[in-house]
Amino acid sequence: PAALRPALAALARSLRLAALATALALPPGLALGLWLARVAGTSRLAAALRAALDAAAALPGVVFGLAGWALLAAAAGLRGTTAAMAIVLALLNLPWLSSRVERALRAVPVELEEASLALGASHVQTILRVSLPHAARGVLGALVLCLGRSLAECAPLLCVAPATAEAPLTMALWRAPTDSPGAAVSAAFLALLAVATTAAGRRLR
């Protein structure tokens, strides 16, 4: 019980932080995915952006942490806060999320969109009423996996908020002695979260 209480508090902080980071990544991720899937086509700009997103998605989390540390240096009072951690996690998830949104939209049958346009709907109405509803399951699955990625990250958070009192579960595990009960409980919680979010995300794809 003594080791469980701080782990549960860190778990609650992790869930809040991951939810905030995923919410921050959703609007730009959705917009980028929509633009790539329905507007950009095969233009050179789209190809360059896709390549940049793929490269960014492959970067280790610590690179985003260092970039966040540099970007937040000018933001007085922001470094070391929950907001700073959420921004860095949102930036980390953005390339991967936008690619998943594009993939989900490209899976929507073209015939449905053509039928909507033939009935007089505009392109915007078709996207809002046909494309997004049919891609919603894939987008939701991507959001769940982004949530899981946010819960599992530690290195970028250590870059922007190394001494925060609002440490999530991964940072609590990093700070705890390896052979302590708190470390074992935190590791068990993280493993359960990883399994749950991965299973839910894959089921929704």
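Me: How many helices and strands does the protein chain have?
Reply: This is a predicted model. From the N terminus on, its elements run α-α-α-α-α-α-α-α-α. The count is nine helices and zero strands.

Me: What share of the contacts with a separation of 6 or more joins residues 24 or more positions apart?
Reply: The C-alpha atoms fill a box of roughly 65 × 35 × 25 Å along the principal axes. Of the 205 residues, 40% count as buried. Among contacts with a separation of 6 or more, the share from residues 24 or more positions apart is 74%.

Me: Are H5 and H6 roughly parallel or roughly antiparallel to each other?
Reply: Helix H5 covers residues 110–118 and helix H6 residues 123–152. Their axes lie 10 Å apart, at an angle of about 150 degrees. Angles over 145 degrees count as roughly antiparallel. H5 and H6 are therefore roughly antiparallel.

Me: Which classes of residue make the contact of H5 with H6?
Reply: H5 brings Leu112, Glu113, Ser116 and Leu117. H6 brings His123, Thr126, Val130, Ser131 and His134. By class, that contact has three nonpolar, five polar and one charged residues.

Me: Is Thr197 buried or exposed?
Reply: Thr197 sits in helix H9, residues 181–204. Its relative accessible area is 10%. Buried means under 20%, so Thr197 is buried.

Me: Which backbone oxygen does the side chain of Thr197 reach?
Reply: Leaving aside neighbours within four places in sequence, Thr197 is in contact with Val144, Leu145, Gly148 and Leu151. Its side chain also reaches a backbone oxygen, at 3.4 Å. That oxygen belongs to Ala194.

Conventions
Residues are numbered from 1 along each chain as its sequence is written. This is a predicted model: local features need pLDDT of at least 70, side-chain atom pairs count only at pLDDT 80 or more; totals for chains, interfaces and linings use all residues. Side-chain values use heavy atoms; hydrogens and water are left out. Helices (H or I, at least four residues) and strands (E, at least two) are DSSP runs, numbered from the N terminus. Buried means under 20% relative accessible area, exposed over 50%, partly exposed in between (1.4 Å probe, protein chains only). A polar contact is a pair of N or O atoms within 3.5 Å; within protein, one must be able to donate a hydrogen and the other to accept it, and residues adjacent in sequence count only if both atoms are side-chain atoms. Contact means heavy atoms within 4.5 Å. Axes are lines fitted to C-alpha atoms, for helices over the stretch in contact, and angles run from 0 to 180 degrees between N-to-C directions. Angles under 35 degrees count as roughly parallel, over 145 as roughly antiparallel, 65 to 115 as roughly perpendicular and the rest as oblique. Ala, Val, Leu, Ile, Met, Phe, Trp, Tyr, Cys and Pro count as nonpolar, Asp, Glu, Lys and Arg as charged, and the others, Gly among them, as polar.
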